[in-house]
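Work through these exercises on charged side chains. Keep the sequence and the 3D view open as you go.

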Amino acid sequence: MISKQQHQWASSRFLLGIQILEEYIAGRPSDIEHAIAAFNDAITIWTPVDSPRNWSRTKLNLGTCHLKKRIGLKVENVECAIDQYKEALKVADRSEWPDHWATLQDALGQAYRQRLGGDFAENLELAIDYLTASLSVRSPETGLRSYALCLNNLGNAHLDRVLGEPSDNVERAMAFYRQALTAIEPHAGNDDDDLRALLSQNLGLAYRDRMFGDPEKDRELALSYIGRAVDIYKQLDVPHLEATTIANLASVYLMERFRHLQTRRADLNFAIDQLTVALRTLDEEISPHEWATAKVLLGQAYMERARFIDREEGFQIAIDHLEASLRVRTQSGDPLEWARTMQTLGSAHSMRGNAGAGIECYNKTLAVYTTAFPFERRRTLKNIGNSFFEQGEFEKALPLFEEAIKLGEDLLWISNTPRAKHVEAAEISVLYPNLAYSLLALGKRDESIVSLDRGKALLMVQALSLSDLAVNRLDDTTRKRVQALRDEIRGDEKLLSELLSQGSPEDVEPVQQRLERARRDLRGEIAASGRGADTYRSLAGGLTVTEILELVRPGELLVAPIVTPRGVAVIMVPAGVKTVEEQHVFWLDYPELYQMLHPAQPVYNPGSTEQFHDWLYWYSVWRSDVLDETLQNRESFLDDLLQALWKGVMEHVHQYAKQLAVHTLLLLPQGGLQLLPLHAAWRLDDGERRYLLDDYVIYHAPSAWLLRQCRLRSDELGKRRALCVAVKRYKDFLHLRPLPFAHVEAREVSNITKAKLMRDKEATAASVVENVQSFTHVHFACHATVSNDPLAAALQLGGYGAMPRDELQVRQIISDLNLSETRLVTLAACETGVIDYLLSADEYVGIPGSLLWAGAAGVVTSLFMVHDLASCLLWRCFYDFHWNQGLEPAAALRAAQRCLRDMTADELRVIAESWRPEDPNAAEELLFAARVDRPFSHPLKWSGFVYVGA
C-alpha cells in the first residue's frame, strides 16, 4: 500500500512535471529533462497495480515530454513517446475511463503522425485510425475542447497523408477544421481562445495549400484565418506562437497559385519583412523547428524576388537562408523536412543557373522520397528531368519523365472527386510535352505523338470512361451493368464533393470506399467483356500510332505542335501515312512562342515593346480595364499577336499543307495555344490580309483520343431536333448586363431550325437538365462566367429569385447532363473556352470539355469576349450554312465567320428591315453599325469562336 505521504510526494512531482511541460510547449525557457525526471519520480511510487489511473496519466505525460522534446534524435524521441503511450493504454479501459482512453488514442495518433521509423504511409494510416477511435468517444457534450482538438489532429494527419490523392486529403482536412471551429464558435470564451487560434491557423494553412478552387477566394480566406490567429496570440501575449503564425501568414504571399500580377513585388517584400520580424522572436535553440521553417520561407521569398531584381545577390541570400535551416532540418533527425528543404535549395540553384548543383540537391531527396511518397517523388523526378531537358540531355531526361508520369497516373486513378482528377491531370500534363519533345529529338517519332496525345487525353479519359462512348459496342447485359456502375460512380463523386465542402468528414470514408470498389468493378466488367482488351485500353487512355493516324481523312492534315522551354516542334501528318517519318516533323525557330504562352516575367508590363508575347496576361487586364487607351489599342494588339502566330507557326503549317493540297486542318493545340484564335493568323497576300481560315476548314480537338470518340458519336445520331436557350435580362443581378440581341438571335436560330425556345425565366438550369437529352442541337444565348476553378465555370441562366444565381456549372454538366443524343452545342456566350491554363490540365477543361464529357459530339465555343451584335449575325449565318445547306459544323463556322467579316453595309440594312417588325431597337442598332462598310471586318469581331470535336 502507498502511504499518504508517498502519494503527496508523487503528486507534487507530477504537478511539477506538468508545470515544466506546459512552459516548454509555450516556448518559455525551461528544461524538458526536469519534467521527465519529475514524472519518473512519480511512477516510482505510483504503479499500474496500486495506482493504475495515476500511473497511466503519468505515462501519458512522459510520452508527451518525449514527443515535444527538441533535443536529441527525433526518431528516438517519437519511439519513446509511442512506448510510453502504449504502456499507459494497457490499464486504460474504454468503458470505465473513456475520456482518458480517448486521450491516449489521440496521443498515439499524433505520435504516429510524427513517426520517422517504419513505413511512413502506414504510420499515417495508423495515426488516422487512432484519432478516429478517439473521436468515436468524444462529442461536444462530453468535452468540447477535447472534441475540437481531436478534429484538429485528424485534419493535420490528412494534410500529411501519403496514401490517397493529395487534393482529396486537403479537402478532408479542411472539413475537420471547419467542423471543429463550428463546434467551438458558439461558446466564445477566453479559455478557448488558444484553440480558436490554432484551428483558424490550420484552416488558413489548408486554404493556402489547397490545389484547386478560386485562388483569389482561397488567398483571402487563408489570410483572414491566419490573421485572426495572429490577433488572438497577440492578445494572449504569447510571442513564440505569434511569431510562428506571422511566418505562416507570410507564407501565403509566397504561394505560386496566389500570384497577383500587379502586386507580386509588393507581396514578396511584405513577406520578407514579416519573416524578418518573426525571426527576431524565434530562436534556433529554444524553438528550432519554427525557426527553421521561417528561414526556409525567407529563402523562398528571396529566391522568388531574385527573378525580378538583384538576381545574383538575391539567389545567394536565398541559398544562405536555406542552408542555415539545414542545421536543424537534418536527414537523420527530420528526413521529411530535410527533403523538402533540399528540394527548395535545388530550385534555388537551378534558377540561379547552376543546374548541376540543383540536380545534386534533387537527387539527394530521392533517398527519402521513395515510391512510398508518390506525390513528392513525382515532383522530384520532374525537377531533375526538366533540368536535364533544358540542357538538351534528352536521354537522361526521358526515364525520369516516364517514371514521374507513371506515379502521377497512379494518383490520378485513385482520385475520388472531379476536382482531384483535374489537379492530378494538370500536374502530369505539363510533363508530356517535354517527354514528347525528348522522344522526337531521339528519333522516336511514333512514340512521341502517342505520348503527346496520351498527355492531352488524361482528364477526358477519366471523365468519358464513365459515359457510354467507350462501351457502346458491348453486349446489352454488360452495357446495363456498366451503366449502373457509371451512375453509381457519378452519384458518389457528387456526394463526396458535397460532404467535403459541407464539413461532414465522418461520412467521407464509406463513400470513398464505395467509389474505389465501383471503379474496380467498372474496369473489371469492361476487361472481362467480349471486347475487353481493346476497350479496357481505351479506358486507360491513349491510342496507338496507327489509330491516331487513321483519324486523318483524305484532304486533311493532322497538326500537333509541341511547345516546350527547350524549343518548338510541329508534327504534321497527311492521310494515308502509317508511321511518323522525319519529313513530318518541323523544328521551328520561334523561342518567343513559349515565352508568349508561359511568360518568364509574371508581372504585366503594358509599356513593353514585346507585350503581345504576354497575350494571355494582357487579355486578363484588357477584360477588366475600361480605359479608353486600352479599348483603342486592343485591335492593334490582337493584330500583332495574330501576325506573330503566322510568322512563327502557321506559315510553316500553310506551306506544308499547300504542298500537299489539303483543305482541312485537324489542330491538336497544346500548352496554351488552345486559347488563341489560330484560325485568324494572317499574312499579306498581294497587299491584302489573308487569314488561315481563308484556306482551310479547321477542327480543334483536345486530343486524338477524344476526336475519335466524338466521331463515333456523330456517326450514330438520328433525326435533328433543336433547342434554343436564351436569356436577355438577369433580374436582380446587375453585374450581368442585359443581352439586347439574345432574343433576336434565338428567333433567328429558331426560324431556321424550328427549335424549341426556352427564354428568360423559363430557361433555368433545372429545365435544361430535364429537357436537353432529346435534342441533337442545343444553342445557348446567355452569359457565361469563368473561374480559376474550371469546375465553377458556368452558363448563367434565367431562373428568377435564385440565390445564388441560377447557373449551369461545369460540375453539374458533368454529373447531371445527358447529351448522348446531341450532335452539336453552340455557345453564344463570352469566354466559354477560357480557362486558367497555367493551373489547368493541357486540354479543354471547362465548359466545352464538360459538354463533350456529357456526350456532345461537338461544341462551338468562344476564346474571348465577343461582340453582341456580331455574335447574333454570326449565328444567323452559321445555322443557315449548317442546317439549311448541310455543311459540317467546322465548315459552317468557317463560312459564317467569313460571311460576317465580309458583310457589307447594304447587306446589314436588308437584315435590319427584316428585324424591324418584331424588334425595332435591334434594327436601329444594326443600322447604326451600317454607317461604315464592313463594320465587322476586324478579327476581334469575328474570330472569337472555334469548333471543338468531330
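A salt bridge is a side-chain nitrogen of Lys or Arg within 4 Å of a carboxyl oxygen of Asp or Glu. The model used here is predicted.

**Exercise 1.** Decide what links Asp 694 and Arg 898, and where each residue lies.

Solution. 
Step 1. The closest N and O atoms of Asp 694 and Arg 898 are 3.2 Å apart, and the pair forms a salt bridge.
Step 2. Asp 694 sits in the loop between strand 6 (688-691) and strand 7 (697-700), and Arg 898 sits in helix 35 (residues 889-901), so the bridge ties together parts 204 residues apart in sequence.
Step 3. Buried means under 20% relative accessible area. Asp 694 has 8% relative accessibility, so Asp 694 counts as buried.
Step 4. Arg 898 has 29% relative accessibility, so Arg 898 counts as partly exposed.

**Exercise 2.** Classify the accessibility of Glu 924 and of Arg 916.

Solution. 
Step 1. The two side chains, Glu 924 and Arg 916, meet in a salt bridge at 2.8 Å, N to O.
Step 2. Glu 924 has 42% relative accessibility, so Glu 924 is partly exposed.
Step 3. Arg 916 has a relative accessible area of 28%, so Arg 916 is partly exposed.

**Exercise 3.** How many salt bridges are there?

Solution. 
The count comes to 36 salt bridges.

Notes. Residues numbered from 1 in each chain as written. Predicted model: local features only at pLDDT ≥ 70, side-chain atom pairs only at ≥ 80, totals over all residues. Heavy atoms only, no water. Helix = DSSP H or I, 4+ residues; strand = E, 2+ residues; numbered from the N terminus. Buried < 20%, exposed > 50% of the residue type's maximum accessible area, 1.4 Å probe, protein only.
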